[in-house]
Amino acid sequence: MCELFIKADTKLWESTTRSLRIDGMVTSVRLENFFWSKLEEIARRDGMNVVQLITRLHHESIDAGHDLGNFTSFLRVCCSRYLDLQLTGDIPADVTQPIAGLNAPAILIRERQKYH
């Protein structure tokens, strides 16, 4: 079992720092390459680039009252949840289908039932 993880391409867990501008402020986000690739996929699904997606997530997190003390952890969890929701069928595996039009309230209810 562990061979699947141990012998994976080491580039997946190498970190890359990207500088981006959110509300006129330049900030740096450091994530493993695997997570950057998932964020790129998520963004593409709804016609955005990664900077647009991260900016939107940042704004909506603030609007929801989230503590953004560790925004990179939040981004990692977003990527992990994206993959998990694909496995459950709540997000289509077909990456050409947008995410924005999905029934988010129903998906969140199913997800809460799964973890509680």
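1. Two strands pair if DSSP finds at least two bridges between them. Helices (H or I, at least four residues) and strands (E, at least two) are DSSP runs, numbered from the N terminus. On that basis β1 and β2 pair in the antiparallel sense, over eight bridges. They make a hairpin with two residues between them, and Asp-23 in the turn has a positive phi of about 55°.

2. Some ground rules: this is a predicted model, where local features need pLDDT of at least 70 and side-chain atom pairs count only at pLDDT 80 or more, while totals for chains, interfaces and linings use all residues. Residues are numbered from 1 along each chain as its sequence is written, and side-chain values use heavy atoms, with hydrogens and water left out.

3. Helix α2 (residues 33-45) has 13 residues and should span 18 Å at 1.5 Å a residue; its end C-alpha atoms are 19 Å apart, which agrees. The expected span here is 1.5 Å times one less than the number of residues. Just after α2, Gly-47 takes a positive phi of about 70°.

4. Buried residues in α2 include Phe-35, Trp-36, Leu-39 and Ile-42 (buried means under 20% relative accessible area, exposed over 50%, partly exposed in between; 1.4 Å probe, protein chains only). The buried residues of α2 pack against β1 (15-22), β2 (25-32), α3 (50-63) and α4 (71-87).

5. The largest nonpolar core has 21 residues, and Val-29, Trp-36 and Leu-75 are among those with the most contacts inside it. Such a core is a set of buried Ala, Val, Leu, Ile, Met, Phe, Trp, Tyr and Cys residues joined through side-chain atoms within 4.5 Å. β1, β2, α2, α3 and α4 each give two or more residues to this core.

6. Have a look at Val-29 in β2, the bridge partner of Arg-18. Leaving out residues up to four places away in sequence, Val-29 touches Thr-16, Thr-17, Arg-18, Leu-20, Trp-36, Thr-72 and Leu-75 (contact means heavy atoms within 4.5 Å). The charged end of Arg-18 sits over the ring of Trp-36, 4.2 Å from its centre; the test is NZ of Lys or CZ of Arg within 6 Å of the ring centre and within 35 degrees of the ring normal.

7. Searching the whole structure gives two aromatic pairs. Phe-34 and Phe-35 are edge-to-face because their planes are at 80°, with ring centres 5.6 Å apart. Phe-71 and Phe-74 are stacked, 5.7 Å centre to centre and 25° between the planes. The criteria: rings of Phe, Tyr and Trp (its six-membered ring) pair if their centres lie within 6.5 Å; planes under 30 degrees apart count as stacked, over 60 as edge-to-face and the rest as tilted.
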